[in-house]
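Here is a friendly walk through one protein model, with a few of its side chains picked out along the way. Have the structure open as you read.

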Amino acid sequence: MSRLEAWPLPALPEVRPGDDLAALIAVAAGDALRGGDVLVVAHKVVSKAEGAIVDLAGVAPTDRARELAAEAHKDPRHVQVVLDESAELVRAERGVFIARTRHGFVCANAGVDASNAPGPDTLVVLPRDPDVSARGLRAALPGRPAVVIADSFGRAWRNGQVEVAIGVAGLRPLEDWRGRRDSAGRELRATWIAVADQAAAAADLVRDKDSREPAVVVRGLERHVTDDDGPGAAALLRPPAEDLFGRG
């Protein structure tokens with residue numbers, strides 16, 4: 001019988017560009033981390049440590065940004081940052097921008113966010129390469145737990161947001177059951193479990209958004225943890241050619 005446990009590490013101090021995030025987490029963790037654990041880290045602290053912060057004072061909006069901002073009643077500088085972080089603007093409607101980032105994520109505002117930013121005129125953007133960030137954290141943490149870097153994404157057709165994995169190291173991001181048999185002997189044709197996303201979502205349930213507890217230990221997923229860093233969150237991305245809604 002499997003059993004899953006999750007608990008947040010103590011709050012970290014405010015993370016600033018250049019901080020050694022692994023060292024801060026290691027101090028907070030004490031001796032709590034062990035091999036086979038999954039450490040889920042909110043992307044905001046990773047972005048801050050890596051300097052993925054934009055000062056709006058230095059942003060010059062283009063005509064396109066001004067046009068979109070006028071329609072959405074938003075700061076054109078903020079819109080420009082969204083465009084800068086986007087490989088493709090999928091939809092702009094009713095004040096919402098859905099974009100495909102350079103990483104391949106399809107999400108609101110290309111992951112650009114003002115919440116928990118270090119200043120009133122600053123924005124936090126996604127890490128340049130979250131899989132690389134996850135690998136670096138894993139290598140530097142005691143016990144080499146698997147690392148998942150998580151962000152909040154909305155979902156088509158459903159209200160609310162859930163945490164998903166945008167960076168992964170040392171965890172099989174997917175468990176493929178296609179071709180296996182269910183309990184009645186029927187062949188499974190579509191069952192492909194997003195393990196990393198589910199770990200990210202489980203972690204979010206044990207911390208409050210305003211708790212300053214960006215790191216959560218999830219224990220009980222040892223069978224999915226690997227010695228090597230694995231394919232990362234890139235394995236979770238559906239190719240545009242498989243898009244059923246006409247963008248591929």
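## A salt bridge at Arg238

Let us begin with Arg238, whose relative accessible area of 61% makes this residue exposed. Keep in mind that the model is a predicted one. Arg238 pairs with Glu242 in a salt bridge, and their closest N and O atoms lie 3.8 Å apart. Glu242 itself counts as partly exposed, at 43% relative accessibility.

## Other charged pairs

In total, the structure has 16 salt bridges. One of them links Glu85 and Arg102, with 3.4 Å between the closest N and O atoms. Glu85 sits in the loop between α4 and β4, while Arg102 sits in the loop between β5 and β6, so this pair ties together parts that are 17 residues apart in sequence. What about their surroundings? Glu85 is buried, with a relative accessible area of 8%, whereas Arg102 is partly exposed at 43% relative accessibility.

Another salt bridge joins Glu93 to Arg91, again with the closest N and O atoms 3.4 Å apart. Here Glu93 is partly exposed, its relative accessible area being 37%.

## Helix α4 and its neighbours

Which residues of helix α4 are buried? In this helix, which spans residues 76–84, they are Val79, Gln80, Val81 and Val82. These buried residues pack against several elements: the strands β3 (53–55), β4 (86–93), β5 and β7 (122–124), together with helix α3 (63–72).

The start of α4 has a contact of its own to look at: there, a side-chain oxygen of Asp75 comes to within 2.8 Å of the backbone nitrogen of Arg77.

## The aromatic pair

How many aromatic pairs does the structure hold? There is 1. Its partners are Phe105 and Phe153: the ring centres are 6.2 Å apart and the planes meet at 70 degrees, so the pair is edge-to-face. Phe105 belongs to the loop between β5 (96–101) and β6 (106–108), and Phe153 to strand β8 (residues 146–155), so the pair ties together parts that are 48 residues apart in sequence.

## A nonpolar patch on the surface

To finish, turn to Trp157, found in the loop between β8 and β9 (158–169). Trp157 is exposed, with 76% relative accessible area. Together with Leu244 and Phe245, Trp157 forms a nonpolar surface patch of about 530 Å² of accessible area.

Methods
Residues are numbered from 1 along each chain as its sequence is written. This is a predicted model: local features need pLDDT of at least 70, side-chain atom pairs count only at pLDDT 80 or more; totals for chains, interfaces and linings use all residues. Side-chain values use heavy atoms; hydrogens and water are left out. Rings of Phe, Tyr and Trp (its six-membered ring) pair if their centres lie within 6.5 Å; planes under 30 degrees apart count as stacked, over 60 as edge-to-face and the rest as tilted. Helices (H or I, at least four residues) and strands (E, at least two) are DSSP runs, numbered from the N terminus. Buried means under 20% relative accessible area, exposed over 50%, partly exposed in between (1.4 Å probe, protein chains only). Contact means heavy atoms within 4.5 Å. A polar contact is a pair of N or O atoms within 3.5 Å; within protein, one must be able to donate a hydrogen and the other to accept it, and residues adjacent in sequence count only if both atoms are side-chain atoms. Patches are made of residues with over 30% relative accessible area and no salt bridge: like charges are joined within 9 Å, nonpolar side chains (Val, Leu, Ile, Met, Phe, Trp, Tyr) within 5 Å. Accessible areas come from the Shrake-Rupley method with a 1.4 Å probe; for residues, only the protein chains shown count as cover. A salt bridge is a side-chain nitrogen of Lys or Arg within 4 Å of a carboxyl oxygen of Asp or Glu.
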